[in-house]
Amino acid sequence: MKQSMKKLVRIVQPTLLVVIVTSLDSSSFRPRDPPIQNNHNSTRQLLDGTEACSNCPSPTHQCIGRSVSDEVCGPCAEGKTFWPCNVEKECWCWDTSTPKDPGDDDSTSVCKGCSGPTESCIANSNSLIPADDEGCSGCPTGQKYWPCDKEGLCWCWDSTKPKKPPAPSSGLEVTSSGKEACDIFTEAMFNEFAPNNTFPYTYDGFCEAIADYNLYHEEKVFTMGTEEDQRNEIAAFLGNTAHESDDFEAGREYLACADNIEVDGKTYCKPCTNDLFDWETFTCSQSMAHLDSPYNEYCQPVFVPPEGCNCETTTQVASEGELAGYIDASKVFYGRGAIQLSWNYNYIKASLALTGSPETFCQDPELVVSDPKYAWGSGEW
């Protein structure tokens, strides 16, 4: 164990920390699972699509789906008996002159009261189960089916404020200890814990990142539960980020960009393989982009906004001179910051959570290493 990890337990949490990993029931991740209905107040009860749509006259009525597309439920009205028509409560007959509500009177709708002139109910990009803005738009007016019947999928955004989605709930209340994270983990503790820290890992940046995140989130980082809960969370965070950032010395991933130069205010990286990287001097003897070789690490081009930042294969910016073998750092989503944020699909989510805009980190991923607030924030998020 590194010396810094030994310090961590002594500084932040004097008692032994025991991390218990509990397995999640797979049903927690089942998408679009319809709520159980009580037969006495449900207009549909537990009918499958063949029965529910057996008398669904067109064009005034339409057989549509709860979680599947309307097109695959349409044939249920014509006698189709296999999937999805044989699934209870999946396909149902909608009277097109009425609101698109299947009749789950006992379910809960999120975004209640989200009716102000600057408010709208939109999808939560922090949710493990994806929804979309169109699906969430009906929640304020009483839509009771998916995604409005699931907590955490939709949220009410006031357009006068940054578009920062809510964080997953810990189930704890905001602390009554009266202490903020930086009251518990002081600058003196930080200096002892990370004596060799380099930019962007400043103590002021650590505190600023926490304050900025907590300003717009009800679920506040390092500020939920008891003081012991706070200490445990801070300890876990520092232990993880110390490991990821090489004891707060690596702002950028070593193999991707330890060998870098700055020209006219822009950073360029020489990406390297482990066997060609000198770990003593942190230099690369031959770039992965040598001779215009394509470099496409940390890019999944199938993920485009809003699922991921646009990315593409890049090559060296010059075939000769000081930039030979170097690539434009702002075009690559390699590991940066306290948790070494990486991949284009993670950058866009972190950008939304920390800045309220997907474009911020997509257009300039170097912000995660050039701004201490984002270097720390990308780990806190």
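Which residues in α7 meet Pro372, Lys373, Trp376, Gly377 and Glu380 in α13? The model shown here is predicted.

Start with the two helices. Two packed helices are described by the angle between their axes and the distance between the axes. Helix α7 covers residues 203-215, and helix α13 covers residues 372-380. Their axes lie 8 Å apart, at an angle of about 60°. That makes α7 oblique to α13. The crossing of the two helices is right-handed. Now for the residues. On the α7 side they are Gly205, Phe206, Glu208, Ala209, Ile210 and Asp212. The residues of this contact divide into five nonpolar, two polar and four charged.

Next comes a sheet. Strands of a sheet pair through backbone hydrogen bonds, either parallel or antiparallel. Here three strands form an open sheet, in the order β5-β6-β9, and the pairing is antiparallel. The edge strands are β5 (260-263) and β9 (327-328), each of which pairs on one side only. Strand β6 (residues 266-269) is joined to β9 by two bridges. Look for Cys269, which stands opposite Ile327 in β9.

Now follow the chain past β9. The loop between β9 and α10 (344-355) holds Arg336. Is Arg336 buried or exposed? Its relative accessibility is 0%, so Arg336 counts as buried, the cut-off being under 20%. Which residues surround it in contact? Leaving aside neighbours within four places in sequence, the contacts of Arg336 include Gly251, Ala329, Tyr347, Glu366 and Ser378. Arg336 and Glu253 are 83 residues apart along the chain, yet 6.1 Å separates their C-alpha atoms.

Definitions and conventions
Residues numbered from 1 in each chain as written. Predicted model: local features only at pLDDT ≥ 70, side-chain atom pairs only at ≥ 80, totals over all residues. Heavy atoms only, no water. Pairing = 2+ DSSP bridges. Helix = DSSP H or I, 4+ residues; strand = E, 2+ residues; numbered from the N terminus. Axes fitted to C-alpha atoms, helices over the stretch in contact; angles between N-to-C directions. Parallel < 35°, antiparallel > 145°, perpendicular 65-115°, else oblique. Left-handed = near helix turned anticlockwise from the far one by under 90°. Contact = heavy atoms within 4.5 Å. Nonpolar A, V, L, I, M, F, W, Y, C, P; charged D, E, K, R; others polar. Buried < 20%, exposed > 50% of the residue type's maximum accessible area, 1.4 Å probe, protein only.
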